Amino acid sequence: MDSFTGIRFKKETAKRFQEFSRTHFKSHTEAMSSMLDFFFYNEISPKETFGPTGRTIEASLKKRINAVIAIMRDMEKTQTKPTVAMMELLFQNEDLTQNPSHSDMNFKEEKKEVRFKEKLNLNKEL
């Protein structure tokens, strides 16, 4: 059996460590050993800061994603839907010219009439 040694900590720190150790590890020794290994293998200092936390990164990503969604919705409303509607109208008109109905024939016959005629100049000068 391994021998134990006593290390002096302030009460507040010892309580925090005990609570942490109980929630994540089976024993205080295992908790301390794992923490020391973590810092040693990752070659970091406990005094270093890692920058933004996962929560802040997640919040900023959500904001950016919501902004992209808003841009896409705006593009859909202002560009895509009107363009699709115009294309559908063009294809509908093309279908009408390929397969004219009876009412369309009457319209074409009416359109054959000349609406404007060139005036004849009686005094032609050469």
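**View 1. The largest pocket, with a volume of about 700 Å³.** This is a predicted model, where local features need pLDDT of at least 70 and side-chain atom pairs count only at pLDDT 80 or more, while totals for chains, interfaces and linings use all residues. Residues are numbered from 1 along each chain as its sequence is written, and side-chain values use heavy atoms, leaving out hydrogens and water. Of the 19 lining residues, Ile7, Phe9, Phe17, His28 and Met32 sit closest to the pocket centre. A pocket here is an open set of points on a 1 Å grid over the protein atoms alone, where a 1.4 Å probe fits, with protein on both sides within 12 Å along at least five of seven lines; lining residues have an atom within 4 Å of a point.

**View 2. Who lines the largest pocket: α1 (11-24) and α2 (28-41) each give two or more residues.** Helix α1 gives the most, with 6 residues. Helices are DSSP runs (H or I, at least four residues), numbered from the N terminus.

View 3. Leaving aside residues up to four places away in sequence, Ser21 touches Ser27, His28 and Ala31 (heavy atoms within 4.5 Å).

Note on methods: Grid points are joined across faces, edges and corners, and a volume is the space filled by probe spheres set on the points.
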